[in-house]
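Subject: Structure handover

Hello,

Here is the structure I said I would pass on. Please open it alongside this message.

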Amino acid sequence: MVSIYTVDVFSGSADSIVTDSHAQGVVIKATQGTNYVNPKCNHQWDLAKANGKLLGLYHYAAGGDPVVEAQYFLNNIRNYIGKAVLAVDWERRQNSAWGNTNWVRNFVDEVHRQTNIWPLIYCQASSLDQIANCSNNCGLWVADYKTDNWTSWELPNIKVPTGAWDTVTGWQFGSGGMDKSIFYLDEIGWNKLANPSEGSKPSNSDKPSEPDKPNKPVPTPQEDVIRQIVGEYGYDTETGNFGRGYSPDNGKTFIVQDTTEGRKYRQDDAERLWKLLKPMVEALIDNSEGDKQNGSDSNVSE
């Protein structure tokens, strides 16, 4: 059977996990809830890509409004849609909606509405009943360990439950400091999950273009106002700086205002400031040149 081995990583994962030679793919945590973006996501993406890995991105469910969380996920990975397999991580920890059997259904429906992509669903084997109503559309990525510290790349000899699915798409079989999974498909299948409209190998462009989003309804002016993004974290679409900012167009562009290193200005900020500063600078220059022409120089003592 053709298969792909992967690792999944988050902000605390060492680079050596991303580059581990046993894995052909890397699935990267991108977001959680509606207020967290993995600060190492772009770095891990670039590192995985440089090492020839197939790529995936996942959102960790926090249990808020599932549609809003799906929008937050997509807004923060917009440039990578169609270039990576998408997934939602549904588990108990830090998830206020744990036990809700409709949360994931609503999340994946919103992802599909915007992108025409059905994401994979990651879930522990004992809780597959919570996501059973997604089995007709989404692939299952199940976590089931023989032991909690399975460090080998050899598959443990256990029968993996499938719940409402006929079979699993992926199986996370080991942890022990490195989450290891096997996906039962080839590279073409992986790329088709990432981009069903093409199913071919993604472009190697460093700046992937934003894909078309078929069937996405145009919001009314009232809806467009409601869906503005204010005071959230993300990457500035012009400068690439990470920090807190806003989007005037529901995530198509994101403007960072504050970073850990202070305020970072965009080019248009500089142009607006220059209009204010220019008269003062010109006046200082004129005064300075006038003093020199008159033979005076305040830096020279008499």
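Predicted model: local features only at pLDDT ≥ 70, side-chain atom pairs only at ≥ 80, totals over all residues.

Residues are numbered from 1 along each chain as its sequence is written, and side-chain values use heavy atoms, with hydrogens and water left out.

Overall make-up

The protein has seven helices and 13 strands; these are DSSP runs, numbered from the N terminus, with helices being H or I of at least four residues and strands E of at least two. Of its 302 residues, 43% count as buried (buried is under 20% relative accessible area, exposed over 50%, partly exposed in between, with a 1.4 Å probe and protein chains only). Among contacts with a separation of 6 or more, 59% are between residues 24 or more positions apart, where contact means heavy atoms within 4.5 Å.

Aromatic rings

Rings of Phe, Tyr and Trp (its six-membered ring) pair if their centres lie within 6.5 Å; planes under 30 degrees apart are stacked, over 60 edge-to-face and the rest tilted. By this rule there are twelve aromatic pairs. One of them is Tyr5 with Phe173, edge-to-face, at 6.3 Å centre to centre and 90 degrees between the planes. This pair links distant parts of the chain, since Tyr5 is in strand E1 (residues 4–9) and Phe173 is in strand E8 (residues 170–174), 168 residues apart. Tyr5 is partly exposed at 22% relative accessible area, whereas Phe173 is buried at 0%.

Tyr122 and Trp141 also form an edge-to-face pair, with 5.0 Å between centres and 75 degrees between the planes. Tyr122 lies in strand E6 (residues 120–124) and Trp141 in strand E7 (residues 140–143), so the pair ties together parts 19 residues apart in sequence. Tyr122 is buried at 10% relative accessibility, and Trp141 is buried at 2%.

Phe73, Trp90, Trp98, Trp103 and Phe107 form one aromatic cluster.

Helices H3 and H4

The axes of helix H3 (residues 66–76) and helix H4 (residues 103–115) come within 8 Å and cross at roughly 45 degrees. Axes are lines fitted to C-alpha atoms, for helices over the stretch in contact, and angles run from 0 to 180 degrees between N-to-C directions. H3 and H4 are therefore oblique to each other (under 35 degrees is roughly parallel, over 145 roughly antiparallel, 65 to 115 roughly perpendicular and the rest oblique). Residues of H3 that meet H4 include Phe73 and Leu74, and those on the H4 side include Trp103 and Phe107.

Two buried residues

Thr6 is found in strand E1 and is buried, with a relative accessible area of 0%. Leaving aside neighbours within four places in sequence, Thr6 is in contact with residues including Trp153, Lys180 and Trp190. The charged end of Lys180 sits over the ring of Trp153, 6.0 Å from its centre; the rule is NZ of Lys or CZ of Arg within 6 Å of the ring centre and within 35 degrees of the ring normal.

Gln44 is in helix H2 (residues 41–50) and is buried at 0% relative accessibility. Not counting residues up to four places away in sequence, Gln44 touches Val9, Phe10, Ser11, Ser13, Val18, Ile28 and Asn38.

Regards
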